[in-house]
Amino acid sequence: MILLSRRSLLAIAAVVDIAIHARPAPVAAKFLAARHSLPPRHLETVLQQLVRAGILKGVRGPRGGYELAKERRRITAGDIVRAAMTDDAEENGMPAPESVLVDRVIGPTVRAAGEAFLARLDEITVEDLCRTAENEAVFATAPMVGDFTI
């Protein structure tokens with residue numbers, strides 16, 4: 001059972017994909033969408049949330065696209081999920097239940113479980129996910145690149 005929303009899974013997949021493919025040029029949203037069998041318009045809102053959160057950087061122009069805003073070892077799965085979750089509540093459209101049971105028992109219990117889940121995701125870096133993807137040969141033509149800054 002996967003506890004993450006589709007949006008969060010997509011956000012993690014997009015960031016890892018960009019981390020693997022963004023050298024030497026940024027990754028265009030249309031190529032990213034094609035690799036994940038999605039319409040580009042569906043992906044754009046998630047990518048923009050990641051840009052606003054400082055995880056991705058948008059590059060304009062004919063050879064533009066997206067690249068990481070910081071080193072992949074400094075981005076965690078928890079960071080990505082938090083960025084993706086910012087609009088989840090508004091998009092759902094269903095009102096949250098309001099009761100004493102929810103306020104005093106269920107809410108605090110689920111909140112604590114969610115915090116533990118996010119804490120575990122904070123231990124997983126994009127570097128870890130990229131290494132696993134490369135070991136599994138997820139992208140047969142993916143270049144082996146180092147993570148460095150000059």
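Reader: How do you know that the side chains of Glu67 and Lys57 meet in a salt bridge?

Author: The N to O distance between the side chains of Glu67 and Lys57 is 3.2 Å, and a salt bridge is defined as a side-chain nitrogen of Lys or Arg within 4 Å of a carboxyl oxygen of Asp or Glu, so the pair qualifies. This is a predicted model, in which local features need pLDDT of at least 70 and side-chain atom pairs count only at pLDDT 80 or more, while totals for chains, interfaces and linings use all residues. Residues are numbered from 1 along each chain as its sequence is written, and side-chain values use heavy atoms, leaving out hydrogens and water.

Reader: Why can the pair of Glu67 and Lys57 be said to tie together parts of the sequence?

Author: Glu67 lies in strand 2 (residues 65–68) and Lys57 in strand 1 (residues 56–59), so the pair ties together parts that are ten residues apart in sequence. Helices (H or I, at least four residues) and strands (E, at least two) are DSSP runs, numbered from the N terminus.

Reader: How do you know that strand 1 and strand 2 pair?

Author: Strands pair if DSSP finds at least two bridges between them, and strand 1 and strand 2 have four, in the antiparallel sense. Val59 has Gly65 as its bridge partner in strand 2, and Gly58 has Tyr66. Five residues stand between the strands of this hairpin, where Gly61 takes a positive phi near 110°.

Reader: Why is Asp17 called buried?

Author: Its relative accessible area is 1%, and buried means under 20%, exposed over 50% and partly exposed in between (1.4 Å probe, protein chains only), so Asp17 counts as buried. Asp17 lies in helix 1 (residues 6–21).

Reader: What makes a polar contact with the side chain of Asp17?

Author: The side chain of His36 does, at 3.1 Å. A polar contact is a pair of N or O atoms within 3.5 Å; within protein, one must be able to donate a hydrogen and the other to accept it, and residues adjacent in sequence count only if both atoms are side-chain atoms. Leaving aside residues up to four places away in sequence, Asp17 touches Leu32, Arg35, His36 and Phe139, where contact means heavy atoms within 4.5 Å.

Reader: What makes Glu127 and Arg131 a salt bridge?

Author: Their closest N and O atoms are 3.4 Å apart, and both residues lie in helix 7 (residues 126–135), four residues apart, about one turn of the helix. Glu127 counts as buried at 15% relative accessibility, whereas Arg131, at 41%, is partly exposed. Both also belong to a network of salt bridges that links Arg72, Glu127, Asp128 and Arg131.

Reader: How many salt bridges does a search of the whole structure find?

Author: The search finds nine. Glu71 and Arg73 also form one, with their closest N and O atoms 3.3 Å apart; Glu71 is buried at 12%, while Arg73 is partly exposed at 42%.

Reader: Why is Val110 called exposed?

Author: Val110 has 52% relative accessibility, so it counts as exposed, and its place is in helix 6 (residues 100–121).
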